[in-house]
Amino acid sequence: MKPIALAFAAFTGLPAGPLPAGSLLPATAPVGWADTWAEHLWSSASSASSASPATQAGADDEPLDADALEGFFVDADDLPPHVMLQGCELALSGGLTPETWSREIWLGAPFPRIVESGHTERDGHWIDYENIPRRPERPEAYTAYRYPVVAAPVVSGYDLDKPDDEQRRGSMNAIGHGGVDLVAEMDAPITMIRLEHQKGDAEVLYVGPFFGETVITRHVLREGGADHEYVLIFGHLDHAAEGLRRGRRLPDGATVGYVGNSDSPNLVHLHLEARRVRDGVDAWKLAPDTLRLPESTVVSDPRNVLPLR
Ligand SMILES: [Zn+2]
């Protein structure tokens, strides 16, 4: 077969940052390949523009050194079977046109559909609220996603979009569940994961008591061609990562904290909740008690923002 020249790093879809310790790179990882490609373009562009004119001219005149390119271009037939050339193969096959490429990179996720829902509270009165249900193209199975805790099964999923009688009514006070509960060993590390269409690193908004010991992070996601803020709430921790404080950047793989059972007696788990910050609201000005007010944020099915395996 005729060799296909491929810019390997740009097309493999591998995340730019280090993976969480102990995590497995999924065999068919489509993890943020488009973002990786975009970063590759941007870094190339910025390094080219920062070079002096003489350097640039010299680079243009320089004949290509075949040895230097060794390993940069690869024959697809030589790749190990677990490497999936997601973006490249899709583009070459016509499954991803230049238009859809640019849509993926620049538009990001579609604008969310905010839906009116409601349920009966324990005291019998009905409350209305808004939420962002799972988008139909996002897999329903929780096992299709990556989580901040490795090998921690989801034991309780998001149900605020379900009919009243199908929402969770457990032993705790809350009706319905606006996040996912991941069961793990006490003190299992919680590591930051880059969300779908996330730009830059996550940042710490809050560390302290809320859902037990809690860490809240801010994420800028590309959505409908614009940047938009989301927050993640990590609840019931045993403790946060040492030195973690407001403003700290949390790149992919950075430690957020450790799983525990604070304010969740006898149930060691991580509560992970995603909320979309309302237009015109500054996430940095939200305290934990105002952050969950309906005028500040809208709760979202986490499957809309979690990276796929
Ligand atoms: Zn929960």
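Colleague: What makes the largest nonpolar core a core, and which residues have the most contacts inside it?

Modeller: A nonpolar core is a set of buried Ala, Val, Leu, Ile, Met, Phe, Trp, Tyr and Cys residues joined through C-beta atoms within 7 Å. The largest set of that kind here has 45 residues, and V149, L182, V215, V231, F234, V259 and L270 have the most contacts inside it. Strand 4 (180-183), strand 6 (198-210), strand 7 (212-223), strand 8 (226-240), strand 10 (255-259) and strand 11 (269-277) each give two or more residues to it. Strand 8 makes the largest contribution, with seven residues.

Numbering starts from 1 along each chain as its sequence is written.

Colleague: Which residues does L270 touch?

Modeller: Leaving out residues up to four places away in sequence, L270 touches V149, A152, L182, A184, I190, F234, H236 and V259. Touching means contact, that is, C-beta atoms (placed from the backbone) within 7 Å of each other.

Colleague: Why is A184 called buried?

Modeller: A residue is buried if 20 or more other C-beta atoms lie within 10 Å of its own, exposed if 12 or fewer, and partly exposed in between, with C-beta atoms placed from the backbone. A184 has 21 such neighbours, so it counts as buried. A184 is found in the loop between strand 4 and strand 5, and beyond four places in sequence it touches V149, A152, V259, H269 and L270. From A184 to V154 is 30 residues in sequence and 9.6 Å in space, C-alpha to C-alpha.

Colleague: How do you know that strand 11 is largely enclosed by the rest of the structure?

Modeller: Nine of its nine residues are buried, so that's the conclusion. In a regular strand the side chains alternate between the two faces of the sheet. On one side of strand 11 you have H269, H271, E273, R275 and V277, on the other L270, L272, A274 and R276, and all are buried.

Colleague: What makes strand 4 and strand 11 a pair?

Modeller: Strands are DSSP E runs of at least two residues, helices are H or I runs of at least four, and both are numbered from the N terminus. Two strands pair if DSSP finds at least two bridges between them. Strand 4 and strand 11 have four, running antiparallel, so by that rule they pair. D181 stands opposite H271 there. Strand 8 joins strand 11 through six antiparallel bridges, with I233 partnered by E273. Strand 12 (residues 297-300) also runs antiparallel to strand 11, over four bridges, and there R276 stands opposite V298.

Colleague: How many residues of strand 7 are buried, and which strands pair with it?

Modeller: Ten of the twelve residues in strand 7 are buried, which leaves it mostly covered. It pairs antiparallel with strand 6 over nine bridges, where V207 stands opposite V215, and a hairpin through one residue joins the two strands. With strand 8 the antiparallel pairing has ten bridges, including E213 with L237. That hairpin has two residues between its strands, and G224 in the turn has a positive phi of about 60°.

Colleague: What makes phi of H236 stand out?

Modeller: Most residues other than glycine have a negative phi, and most peptide bonds are trans. H236, in strand 8, has a positive phi near 70°. Its 22 C-beta neighbours inside 10 Å make it buried. H197 has a positive phi too, near 60°, in the loop between strand 5 (189-191) and strand 6; it counts as buried with 22 neighbours inside 10 Å.

Colleague: Where is pLDDT below 50?

Modeller: pLDDT is the predictor's confidence in each residue, from 0 to 100. The average is 76, and 66% of the residues score at least 70. Residues 1-64 are below 50, although the model has 74 contacts for this stretch beyond near neighbours in sequence. Residues 69-94 also stay under 50, with 36 contacts beyond four places in sequence. Where pLDDT is low, the predicted coordinates should not be read in detail.

Technical notes
Predicted model: local features only at pLDDT ≥ 70, side-chain atom pairs only at ≥ 80, totals over all residues. Contact = placed C-beta atoms within 7 Å.
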